[in-house]
Every structure is written in structure tokens, then in C-alpha cells.
Amino acid sequence: MWKTWFGEVEEKNGDYVVKKAENFVKAFRSAENAEPLPFNLPEVGLKVFKSLEDYYKTLRKIAITVTEEDVERELKREDRYAILLLKALDKLNESINMLEEKLRDVEEVKVSEVTEEFRESINRLKALRRRIEKEIENIVTKIAPNLSEIAGPLITARLLEKAGSLERLAFLPGSKIQILGAEKSLYKALARMRRGKRAKTPKHGIIFLHPFIRTLPKKKRGKMARFMAAKLAIAARLDYFRGELDEKLAEEVRKKYEELRRK
């Protein structure tokens, strides 16, 4: 018996009989045989399909489905890895800051071999931090080239972390991406407004870290944040569904920044 993408084939009385697969995608994935097939695959496939056109049309559809599933699975694995690394990086930063503060306190009293070893340990942690940052940059640039081109790898990683995955980020509107990371401020503002009090809703969240927003005058930051968030929404969809870099998006963001900076 031989396994094919459209079913199992066996030879009976000099003819090939096909047991049609209930699930072509599943059959496609398991269609492995120890020896080369002794028959012409499309010809035997005609025992299942009406014509060669129908055969190849179905095969193309199944191949696309399998590829999309594989890409999605890979993206989920990679973006989760980047998110977990980012969380570890944040904890590592907290630890380094705390240890440096404690070291300063100790050195005010005395510098010794122990304090020198203490400092060397902190330096090793800083070296680890740089390696983690580089790993995050490599992963994010690979799985989200358009987002990385616009926002930079680390800001992109933080957007992924807040959204939960590249898939979720790809389905968020620009208005939501604009305030990712500022949810607490937004909820507080909305709560004040529900009580009839005046409150300012946040104009930006994580993307405020971007120099194109941070370096502009306050009155222009909201406009730049809205524009950038809209482009990031497009970039996220391109990264999730196509994975190909479109350099025009980042160029449009840069031009918008230059335009606002000159005014």
C-alpha cells in the first residue's frame, strides 16, 4: 500500500485501487513512502478527481493551506520566543539596577575583593543583557520586517508583547496600536469621565519611545502617533500574511516626521 496526498493506493489484480482520504491536508502531510511510487500519481489521481484540471487545482489549494499552516505555526513559535525573551530582559534590567544600587552602598563603606567580584558579576549580567537584546532584534527583524523597519526591533517586540502575538497585532486597528502600553492611563481617564470629571486620554503608548514621536513638540506628537500607528497596523498585516518588506511604509513615516518637524 502506498500513501498519497489524495488517499491510500494498493494494487489489486493488476490495477491500482484508491481509498480516498477523508482529509486531504492530513493525507498530504503523511504522504511518505519508503520506495518510489510505481505509478503515475496524476493518472491514479483521476480515480478520485474528475479531470487533471480538478486534480491540480485541488493539489494547489492543499499545498497553499499546508504552507500557510506551517508559516503560522513558525510565527507563533518565534514571536512567543521573542516575547518571553523581552520579559526576561525586563527582569534582568530590574536586577542589574538593583544590584548596582546595592554595590554603590557597599563601596561607600569599603572596596574589597568581594566588591570587585560583585562588580564583575554585574558586568557579566550586562553582557548577557546585550546578547538577549541582539537575539530579540534578530528574531523580530525576521518575523516582522515591516514593523521593525518602522518602529525598530525593540519597540516592535514590546508591541508584540502587549498584543500577545503577531497574529493578534495584525488584527488590531491603528487606534488600538497607538495606545498599546497606555491602557492603565486610558482606563483611569475613562473612569474620571464617567464620573463627570475632565480627563485627558493618552495620545500614545509604547510608540512614544520612537524618536519620531518623542523628539517632536508636544502639540505635534498626537498627529505623528496617529499616522505612525496607522502605518504600523498595515505593517503588522503585511508581516503576518506575507512576510515581505515594503520599504515604502517606513519611508512614508519618515517623510511625515520631516514634514511635522519643519512646520
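The model is a predicted one, in which local features need pLDDT of at least 70 and side-chain atom pairs count only at pLDDT 80 or more, while totals for chains, interfaces and linings use all residues. Residues are numbered from 1 along each chain as its sequence is written, and side-chain values use heavy atoms, with hydrogens and water left out.

I then followed the pairing, for which DSSP must find at least two bridges between two strands. Strand 1 (residues 2–4) runs antiparallel to strand 2 (residues 7–12), joined by three bridges, and Thr-4 stands opposite Gly-7 of strand 2. On strand 3 (residues 15–20), which pairs with strand 2 in the antiparallel sense over six bridges, I found Lys-20 as the bridge partner of Gly-7. Strand 2 and strand 3 also form a hairpin with two residues between them, and Asn-13 in that turn has a positive phi of about 55°.

My next entry concerns Ser-165, in the loop between helix 6 (153–163) and helix 7 (166–170). Is Ser-165 buried or exposed? Ser-165 counts as buried because its relative accessibility is 10%, where buried means under 20% relative accessible area, exposed over 50% and partly exposed in between, with a 1.4 Å probe and protein chains only. I noted that a polar atom of the Ser-165 side chain lies 3.1 Å from the backbone nitrogen of Arg-168. Leaving out residues up to four places away in sequence, Ser-165 touches Asp-79, Ile-83 and Leu-160, contact meaning heavy atoms within 4.5 Å.

Definitions and conventions
Helix = DSSP H or I, 4+ residues; strand = E, 2+ residues; numbered from the N terminus. Polar contact = N/O pair within 3.5 Å; in protein donor to acceptor, adjacent residues only side chain to side chain.
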